[in-house]
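This briefing concerns the structure shown below. Please read the points that follow with the sequence and the model at hand.

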Amino acid sequence: MTGLGRILIVEDDPNDVELTLTALTDYNLANEVVIARDGQQALDYLYCRGEFAARPAGNPAVMLLDLKLPRVGGLEVLQQIKSDERLKMVPVVVLTSSHEEKDMMRSYKLGVNAYVVKPVDFHEFVNAVKELGVFWAVINEPPPGSVPK
Amino acid sequence: MTELAEGPTRIGVRGSLSYWNREFQRIHSPILRYGFSVVSVAVALGIAFILQHYGFRDVEVPVLTVAIAFATWYAGIGPSVLSVVLSLLFFDYFFLEPYYSFDISTRDLPYFFIFLGWAGIVASFSAVRRRIEDNLRQARDHLQVEVEQRRQREDEIRSLNLELGKRALELEASNKELESFAYSVSHDLRAPLRHMVGYSELLQRQASSVLDEKSQRFIRTILDSAKRMGTLIDDLLAFSRIGRAETRKTQVDLRQLVEEVVAEIGQDTKGRDIAWKIGTLPACYGDRSMLRLAVVNLASNAVKFTRMRKAAEIEIGAVDRGENEVELFVRDNGAGFDMQYVDKLFGVFQRLHLPEQFEGTGIGLATVQRIIHRHGGQVRGEGALDQGATFYFSLPKAQHAGERTANAS
């Protein structure tokens, strides 16, 4: 698949990472996936600093963000991104276990692009990840100049 | 701040009051009082003699009445009588002819009586004044006691208020704790479940060719149990959310609400023969989405437990219960229950049937109960084994909503 955008997954749980990657691989969406294990790493990636200082330039096509993360939490990452002129156009999808109204409200107020609750059922989970990957990395047109072709 | 500002004046008033209290108490001693009476008469007599010595005539009557007035004024009734008697005796002895004897000549009799009357009037005026003063003092003491009691009560109220404030803070803290507990349950319990399901499915997919039928069944059981636990967690979370969520109460048209629910359930029961009977339903006052959930739970219960009936009958109606509340009921001709276990009906995760007979987590009726309790109503169930069940719940009527919720909260 050409023109496939890079997907940034921010997820602390290795099992969730593996299951997400499995789902993406099933649909050939896993060739450009970056994993960040906490909020700090995600921000380091986005700002090209620390271990990601030498990464290829350009923003990811989409960022799948868990809310409960060590060090810097998901909502903090979201707030940081949406208040930064250069990063606010990166589409952020919250992918979390939390059904809580409070979390949804906070996320939407901070300007999240989508909020997806991880389904317990594996098929549904795979479907959700696949659809997210297809939509944001393939169907959606990214903001001009943000994602390298 | 106001109390500080008032302080000095209050203390000043109190100080002078207690000073006068002491003044009066000094003369309360009987020896001093009668002594005072005797001394004033004696002094008056001395003054009369001195004045007489210097040639002043007929001054003894005013001087002695002044002495009587003093004794009455400061020493009370008994001493005043004593002073009158003493004055009369001295007057008669020293100033009425014949001098230096207690005899009274007939000529001086009116003079004597005028003095007696004059002394009596002065004494009675003073007595009245004392009585009024006593009354005033009593009233003041009474007021002081009352003020003191009121201050104590105010202190009590203040400390109760403080206590209440503390309680509210504690409650808020424990509420927050509960909330964060529910939050971590929602988040942290779900993740391992998802992994169990995910990896079991992956295992199923990868190893289905090498596993025998028994092993495959084991994997299916793991999957079913994990999914069931997921449902339980979701139900429990929804249940706890109902306890925490704020109710947004408005007037609710129950007829419309019930019809909506029945139409929705009808979508899922197309293959079945269910006769819905909806009676006249009034408007009530409550949180629409919560009440809807309660009706959905009761109606889907009725649908579930009439599954083995060829022709199922479900009736939803209302009974008027006085002017304040209305009781709704959902009646079915399904499996029913033994009234022996009626206490367990509304408990969390309590079930009266085997999972093979009827699926479910056992949270539906507990949710109904919680919703109705939050509306200030009551729930109850009636039934008999294999003869259907009826579930009742009461709600405040729309026009009495205000007072009712005020009582309930």
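Predicted model: local features only at pLDDT ≥ 70, side-chain atom pairs only at ≥ 80, totals over all residues.

Which residue in β3(A) does A:V10 stand opposite? The residue in β3(A) is A:L65.

**Sheet of chain A**

- The strands of chain A include five that build an open, parallel sheet, in the order β2-β1-β3-β4-β5.
- At the edges stand β2 (33–36) and β5 (114–117) of chain A; each has a single partner strand, so one side of each lacks a neighbour in the sheet.
- From one strand to the next, the twist averages 20°.
- Strand β1(A) runs parallel to β2(A), to which four bridges join it, and A:I7 has A:V33 as its bridge partner in β2(A).
- Four bridges also join β1(A) to β3(A), again in parallel.
- Strand β3 (residues 62–65) of chain A pairs in the parallel sense with β4 (residues 92–96) of chain A over three bridges, and A:M63 stands opposite A:V92 in β4(A).
- In a regular strand, side chains alternate between the two faces of the sheet.
- In β1 (residues 7–10) of chain A, A:I7 and A:I9 point one way while A:L8 and A:V10 point the other way, and all are buried.

**Nonpolar cores**

- The largest nonpolar core has 43 residues, of which A:V10, A:M63, A:L64, A:L65, A:V92 and A:V93 touch the most other members.
- At least two residues of this core come from each of β1, α1 (14–26), α2 (39–46), β3, α3 (74–82), β4 and α5 (122–139) of chain A, and from α5 of chain B.
- Helix α5(A) provides the largest share of this core, seven residues.
- With neighbours within four places in sequence left aside, A:L65 is in contact with A:V10, A:G74, A:V77, A:L78, A:V92, A:V93, A:V94 and A:L95.
- Another core, of 41 residues, lies apart from it and has B:V261, B:A335, B:I363 and B:F391 among its members.

**Contact between chains A and B**

- Chain A and chain B each bring 15 residues to the contact.
- On the side of chain B that touches chain A, the elements giving two or more residues are α5 (109–207) and α6 (213–244) of chain B.
- The largest share of that side, twelve residues, is from α5(B).
- By class, the residues of the side of chain B that touches chain A are six nonpolar, five polar and four charged.

**Helices α6 and α9 of chain B**

- Helix α9 (residues 364–374) of chain B packs with α6(B) at an angle of about 5°, their axes being 10 Å apart; α6(B) and α9(B) are therefore roughly parallel to each other.
- From α6(B), B:F239, B:I242 and B:G243 meet B:A366, B:T367, B:R370 and B:I371 of α9(B).
- The contact of α6(B) with α9(B) has four nonpolar, two polar and one charged residues.
- Helix α9(B) is mostly covered, with eight of its eleven residues buried, including B:L365, B:V368 and B:I372.
- The buried residues of α9(B) pack against α6, α8 (288–305), β6 (379–383) and β7 (389–396) of chain B.
- After α9(B) comes B:G376, which has a positive phi, near 80°.

Definitions and conventions. Residues numbered from 1 in each chain as written. Chains lettered and ligands numbered in written order. Pairing = 2+ DSSP bridges. Axes fitted to C-alpha atoms, helices over the stretch in contact; angles between N-to-C directions. Contact = placed C-beta atoms within 7 Å. Nonpolar A, V, L, I, M, F, W, Y, C, P; charged D, E, K, R; others polar. Parallel < 35°, antiparallel > 145°, perpendicular 65-115°, else oblique. Buried ≥ 20, exposed ≤ 12 C-beta atoms within 10 Å, placed from the backbone. Core = buried A, V, L, I, M, F, W, Y, C linked by C-beta atoms within 7 Å.
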